Amino acid sequence: MLRIQTDRLLLEIGEPGEIYRGARFDWTGIVQQVTLDGRHTFCTVEGGGTEGVGLTNEFGLFTPVGYEEARTGGRFPKLGVGLLTRDEDKPYDFFRPYEIKPFPMSVHTGSNEVVFTVDPVPCGGYAVRLTKTLRAEGNRLTVEYELENAGDRPIVTEEYNHNFLLLNGRGIGAEYALTADRPVALEPRDPSRRPYRQPEADSVRWEDGFEGDFYFRLSGADGSAVQKWRLENRAAGVYVEEYVPEAFRMAVWGTPVIISPEVFVQVDVQPGQKQVWSRRWEFGTLESAR
């Protein structure tokens, strides 16, 4: 387990393949836990059936690179993971445990940052070098991505962070509030399952004692993309914010023990080109709790 810290934050980060070896999530830069001021925690280590923990990102949830071109028994690249084997003539299923040939990965550490590099392995004309830098400063974590297309075909997909959050271990309910950087419209996956409400134009709150999971997309009421969200729990006395300037879509999934705000970035890189983007989190205490 890798650890980077500041005077306020301690970040526990898994080495590639240490805490996750599945075919879905990026193996690099998984932040298992964030601890603020030595006593406040922000992540759950229970993935609710997804196998994910903490701050975990994924490429290709909706647009897996090379899957359609791969024949049954052939391979396709899952960015941040490796070459996966397509084992059936059906649409891509991110829950399916595809056989994995992991990409070569390396790690370089400093006192307050960790750099992960995934080397390209050609597959069907696709090849990607991914560099991910996690840097802690004060009460903030920044993750910088650099994706280089080292192959012959365009890389068109999406990336998001799943954010498996549980503030100070307190279950999801009326204590929680999610606020966006603009008035939002909600689009529930199942309108009959809505253990949440929208008391104000830019915020969402939850009910106590609900069961099962929930999922909804949200966007600006004018159709714009949400770039910044804030989740707080007044009983726990803490908040977490994420800012993604390159955002194009946001959704929220959760269970009674997880809230996962998911902000998506569109990835579109031509051969020989690079794309860079970043995510920034801030972890803090509420004024009333100080």
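The chat below goes through some strands and a few single residues.

Analyst: Before we start, this is a predicted model, in which local features need pLDDT of at least 70 and side-chain atom pairs count only at pLDDT 80 or more, while totals for chains, interfaces and linings use all residues. Residues are numbered from 1 along each chain as its sequence is written, and side-chain values use heavy atoms, with hydrogens and water left out.

User: Okay, what is the order of the strands in the open sheet of four?

Analyst: The order is S1-S2-S3-S4, and the pairing is antiparallel. Strands here are DSSP runs (E, at least two residues), numbered from the N terminus, and two strands pair if DSSP finds at least two bridges between them.

User: Which strands stand at the edges?

Analyst: Strand S1 (2-5) and strand S4 (40-41) do, each with a single partner strand, so one side of each is left without a neighbour in the sheet.

User: And how many bridges are there between S2 and S3?

Analyst: Strand S2 (residues 9-13) and strand S3 (residues 31-36) pair over five bridges in the antiparallel sense, and Ile 13 has Val 31 in S3 as its bridge partner.

User: What holds strands together in general?

Analyst: Strands of a sheet pair through backbone hydrogen bonds, either parallel or antiparallel.

User: Switching topic, where is Val 226, and is it buried or exposed?

Analyst: Val 226 lies in the loop between strand S18 (214-220) and strand S19 (228-233). Its relative accessibility is 0%, so Val 226 counts as buried; buried means under 20% relative accessible area, exposed means over 50%, and partly exposed is in between (1.4 Å probe, protein chains only).

User: Which residues does Val 226 touch?

Analyst: Leaving aside neighbours within four places in sequence, the contacts of Val 226 include Ala 180, Leu 218, Met 250 and Val 263, where contact means heavy atoms within 4.5 Å.

User: What about S20, and how does S19 join it?

Analyst: Strand S20 (residues 238-243) is mostly covered, with five of its six residues buried, and six bridges join S19 to S20 in an antiparallel run. In the hairpin of S19 and S20, with four residues between the strands, Gly 237 takes a positive phi near 80°.

User: Which residues stand opposite Glu 242?

Analyst: Trp 229 stands opposite Glu 242 in S20, and Glu 242 also stands opposite Trp 281 in S23. Strand S23 (residues 274-285) runs antiparallel to S20, and six bridges join them.
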